Amino acid sequence: MKSFKFSLILLFILLHSIQSWSQTPLINTNQLGVYGSQDDKVSRFQPMTLSFNTHHWKNGGSILVEVFQDSYVPAYAKYIVNVGYGYGANWGEKQMILVESSGEKYFDLEFGPDFDLGVVQSGYPNKGVPIYLKMKPYLQCRIRVTHSRNIVQNLQNSNEIQFPAIGTATVIPDFTPSKFANNPFWTTSSLRVQGNDNHYIAHGNLGIGTTTPGEKLSVNGNIRAHEIKVESTASAWPDYVFEKDYDLPKLEELKTFIEQNKHLPNVPNAATVERDGISLGEMNKILLQKIEELTLYMLQSEDRAKKQEKEILELKKSLHMQH
């Protein structure tokens, strides 16, 4: 009989533990209803507000916010929100990362301004920050939030989240929704991109063999290609060398410059090339300019040689007539 009672007690404790655990999940998921913009107005709602301590190390974990666009065309977006120590508290900036986007979305999420909660925790003030949903006209969206924060009616402590009633939208100026994920992409294995569409990097620089690219494409190594095309404007291409008003340097001036500088005018010296490298497009223009100038020198030399030959023939003819 004692054994039976003991088993009942153990079963009661187990059931109570399971029930308590199920009532306080580590991860919460909240559906926030339908948000509809005002007819032909660009609208803004405040679906949630977060709290954080301005110095406390706890940050409440990342928050996953999913937005489902019901009207216009189907669209979906997934955001990760980080607010707390290192992300707006003590140091760093609050983080709103668009990790996934599909369809032609006409909405966006953004942070509102911080505000003081009037509560001090661990010697530092607690603050709140709203998260806004911006929507184009005639739009309906639904929101799902996954988080590990405490759900409260009024924010006081850090690591809390508040879901205000949907209420009336605020009319705001027009905006351009973000369409592309803005989270860094990392891989320690092979990076492969396949597909029939064009692949491009819209902003920033691309580095191969370097983590600090200074140009649109920086390669620390060799490049092998069938052809490299460098574009130039017509006015920059040195056809102007053959214009009648082109100031061709005198050979004596050119000789003096070479003796003093050990390189041609407008051509970078060895130290500059070693330090800065060379621009293929600019260097090709400089080399072509020098070739064209050399061609002019050769033509001038040919003209002088013909003139001298003519003068020698006339002189010989004159001497012959005298004899």
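A residue is termed buried under 20% relative accessible area, exposed over 50% and partly exposed in between (1.4 Å probe, protein chains only). The structure is a predicted model, in which local features need pLDDT of at least 70 and side-chain atom pairs count only at pLDDT 80 or more, while totals for chains, interfaces and linings use all residues. Residues are numbered from 1 along each chain as its sequence is written, and side-chain values use heavy atoms, with hydrogens and water left out.

The protein chain contains 4 helices and 16 strands (DSSP runs, H or I of at least four residues for helices and E of at least two for strands, numbered from the N terminus). Its C-alpha trace spans about 155 × 55 × 45 Å along the principal axes. Of the 323 residues, 28% are buried.

The whole structure holds 12 salt bridges (a side-chain nitrogen of Lys or Arg within 4 Å of a carboxyl oxygen of Asp or Glu). One of them joins Asp70 and Arg142, at 2.5 Å from N to O. This pair links distant parts of the chain, 72 residues apart: Asp70 lies in the loop between strand 3 (63–69) and strand 4 (75–82), and Arg142 in strand 11 (residues 140–147). Asp70 is partly exposed because its relative accessible area is 37%; Arg142, at 42%, is likewise partly exposed.

A salt bridge also connects Lys290 with Glu293, whose closest N and O atoms are 3.5 Å apart. These residues are separated by about one helical turn, because they stand 3 residues apart in helix 4 (residues 280–322). Lys290 is buried at 14% relative accessibility, and Glu293 is buried at 6%.
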